[in-house]
Amino acid sequence: MSLKYAVLAALLEGEASGYELSKLFDVSLANFWAATPQQLYRELERLAQDGLVSARVVQQERRPNKRMFTLTETGRAELGAFAAEPVRRPAAMRDELLIKIQAMDEADPAAVRALAEERMSWARAKLARYERVRERLLAGRTEEDYLRETDRVGPYLTLQAGLAYEREILAWCDRVRTVVDQRAALS
């Protein structure tokens, strides 16, 4: 999959500038797709050239003018066709920590434990951020009410995947710490 479809999906939330889109990526899509602001700006230009998004300039006082991007009907149709296609292959996980854990028998146990604790810290921070997004989406409603009343459930369901992933990372890292501690006690 290319960044193209992630940008088109993000624009389902409504008109956005490149800056706003980059913030949206940080909050909503970062749990499954990362992109730098520079990548987003380049992709927005390509999408505009291809007629998948439209752009308008907003005049601003005391700030540079900004371009606002909106999904076109052609973009919606292409995104809909993409969403209906079978997934070509499951995502491959590429995580430096997993390589380090694979090689942990050659490392200082305290260093390995510190790596797991650092990842736990990151996971807790992401969980807290995702929980804030969840609370903002629910706005005091129950999940059932939200899912029944909202126009779009996709962002909520992908947020749930991010929450589940970070919770699983916490559990796994806790297991890593336990094993490291047990092995250190045997030495």
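Start with helix H3, where the buried residues are Leu 40, Glu 43, Leu 44 and Leu 47. Looking down the axis of H3, those buried residues sit within an arc of 105 degrees, so they line one face of the helix. Gln 38 and Gln 49, on the other side of H3, are exposed. Keep in mind that this is a predicted model.

As for its dimensions, H3 runs over residues 37-49, which makes 13 residues. From first C-alpha to last, H3 reaches 19 Å, close to the 18 Å expected at 1.5 Å a residue. After H3 comes Gly 51, with a positive phi near 80 degrees.

Now for the cores. The largest nonpolar core holds 20 residues. Leu 3, Val 7, Leu 8, Leu 11, Leu 21, Phe 25 and Val 53 are the ones with the most contacts inside this core. Helix H1 (3-10), helix H2 (18-29), H3 and strand E3 (66-71) each give two or more residues to it, and H1 gives the most, with 6 residues.

Leaving aside residues up to four places away in sequence, Val 7 touches Leu 21, Phe 25, Leu 40, Glu 43, Leu 44 and Leu 47.

What about the aromatics? Searching the whole structure turns up 2 aromatic pairs:

| Pair | Centre to centre | Angle between planes | Arrangement |
|---|---|---|---|
| Tyr 5 and Phe 82 | 4.0 Å | 5 degrees | stacked |
| Tyr 146 and Tyr 156 | 5.2 Å | 45 degrees | tilted |

Take Tyr 5 and Phe 82. Tyr 5 lies in helix H1 and Phe 82 in helix H4 (residues 73-84), so the pair ties together parts that are 77 residues apart in sequence. Tyr 5 counts as buried, at 16% relative accessibility, while Phe 82, at 23%, counts as partly exposed. The cut-off matters here, because buried means under 20% relative accessible area.

Then there's the tilted pair, Tyr 146 and Tyr 156. With Tyr 146 in helix H7 (residues 143-149) and Tyr 156 in helix H8 (residues 154-186), the pair ties together parts that are 10 residues apart in sequence. Tyr 146 is buried, with a relative accessible area of 4%, and Tyr 156 is buried too, at 1%.

Key: Residues are numbered from 1 along each chain as its sequence is written. This is a predicted model: local features need pLDDT of at least 70, side-chain atom pairs count only at pLDDT 80 or more; totals for chains, interfaces and linings use all residues. Side-chain values use heavy atoms; hydrogens and water are left out. Helices (H or I, at least four residues) and strands (E, at least two) are DSSP runs, numbered from the N terminus. The expected span of a helix is 1.5 Å times one less than its number of residues. Buried means under 20% relative accessible area, exposed over 50%, partly exposed in between (1.4 Å probe, protein chains only). The arc is that of the directions from the helix axis to the C-beta atoms. A nonpolar core is a set of buried Ala, Val, Leu, Ile, Met, Phe, Trp, Tyr and Cys residues joined through side-chain atoms within 4.5 Å. Contact means heavy atoms within 4.5 Å. Rings of Phe, Tyr and Trp (its six-membered ring) pair if their centres lie within 6.5 Å; planes under 30 degrees apart count as stacked, over 60 as edge-to-face and the rest as tilted.
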